[in-house]
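Trainee: Please take me through the salt bridges here. I would like a close look at who pairs with whom, and where.

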Amino acid sequence: MRGVRMYKPGYATVGNFLEPRITSEDEVKIRVHYCAINSDDYSMYTGKLKSRYADYGLLNEFSGVITQVGSASESAGFAVGDPVSGTMFSPCGMCPMCRSNRQDLCVELNGNACLNEFIVINNRKVVRLPQQLPLRQGALFWLAACCMRCVERMQVQTGQTVLIHGAGSNGLMLLQLIRKRLPRLVVVSDPLPDKRELARQMGADVVLDPYQDQLKEQTLQLTNGFGFDHIVDASGAVEVMSNTANLLCRGGRLMLYSNYRPGNTVSLDLADIYWKEYTVTSCYNPTYAPYTANADFMIQLDLEHLIGAEFPLDEVNEAFKAYATHRYQRILIHL
């Protein structure tokens, strides 16, 4: 089979490798059609983050079609020809987090790569995609599942106000899911005009440039002087975050939803936290159920506009170069 391996940072090699085989009856074999690049993948590609699955290639977001099932997987309802996606990460099942039913915070989380023509994974990590959903959009399942969990942790209520930093694929996915909770106001900030315009088209009430517009003055005007009920950072821009907490209302919630590198710090006014009683929290990525249990919700989302570019497997290095420009939404690789 064709696949990708990393032998040195900043360059991926396409080659022919042994095709994986089912070794357990609770596994399925999948012909991968699309993979998507995320921030972890880029960090591994550049060598800034040591890959937990370098020996197997790159990437952990995919969509494809089942080509073989073990007997236990067949009993679980999976069949040859099913369009699927899922998660490539596996909790250890033994650490304190796993034992307390917090597999998403497993301290020994393992992962495999999906940028290969064929992969074999446990059926617990597989989700059937709706038949009417194009496979290229199905590659966004893991992104959608992560964002759904983030919105649930935010606890947005009807009639509240929300500020989203970042109008990339994460921010725009969050925007769509948050709008379904019927907030009174959703503001999206992003420095790129084309991303702000896309956010407007996808339901943002107001779009702002965090480097040009006066966020504090705009916040007071838009929220009648109270501040936002919720602020979520999907940009990863530390310089933007340094002046974000003071935009919260009393009792507000600040959600950190970016893969920040170690050492990135911001200052918080402890008196402001005390008097406002606001909450600072974060959302890590899910592993499996309930966030990988059902993909039917995806047909209610505008996913095509979250795909910025598509590259064939042979142009995997060009795909990573395009990702580095930060001008695109999710970048897909077609196998």
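Mentor: Here is a walk through the salt bridges, pair by pair. Keep in mind that this is a predicted model. A search of the whole structure turns up ten salt bridges.

Start with Arg136 and Glu304. Their side chains meet in a salt bridge, 2.4 Å from N to O. Arg136 sits in helix H4 (residues 135-138), while Glu304 sits in the loop between strand E15 (279-282) and strand E16 (307-312), so this pair ties together parts that are 168 residues apart in sequence. Glu304 has 33% relative accessibility, so the residue counts as partly exposed.

Next comes Arg179 with Asp205. The closest N and O atoms of this salt bridge are 2.9 Å apart. Again, distant parts of the chain are linked. Arg179 belongs to helix H6 (residues 169-179). Asp205 belongs to the loop between helix H7 (193-201) and strand E12 (206-208). The two residues are 26 residues apart. Arg179 is partly exposed, at 24% relative accessibility. Asp205 is also partly exposed, at 38%.

Now look inside a helix. Asp272 forms a salt bridge with Lys276, and the closest N and O atoms are 3.9 Å apart. That pair still counts because the cut-off is within 4 Å. Both residues lie in helix H10 (residues 270-276), four residues apart, about one turn of the helix. Lys276 has a relative accessible area of 16%, so this lysine is buried.

Finally, return to Arg136. Salt bridges with shared partners join Arg136, Glu304 and Glu310 into one network.

How values were computed: Residues are numbered from 1 along each chain as its sequence is written. This is a predicted model: local features need pLDDT of at least 70, side-chain atom pairs count only at pLDDT 80 or more; totals for chains, interfaces and linings use all residues. Side-chain values use heavy atoms; hydrogens and water are left out. Buried means under 20% relative accessible area, exposed over 50%, partly exposed in between (1.4 Å probe, protein chains only).
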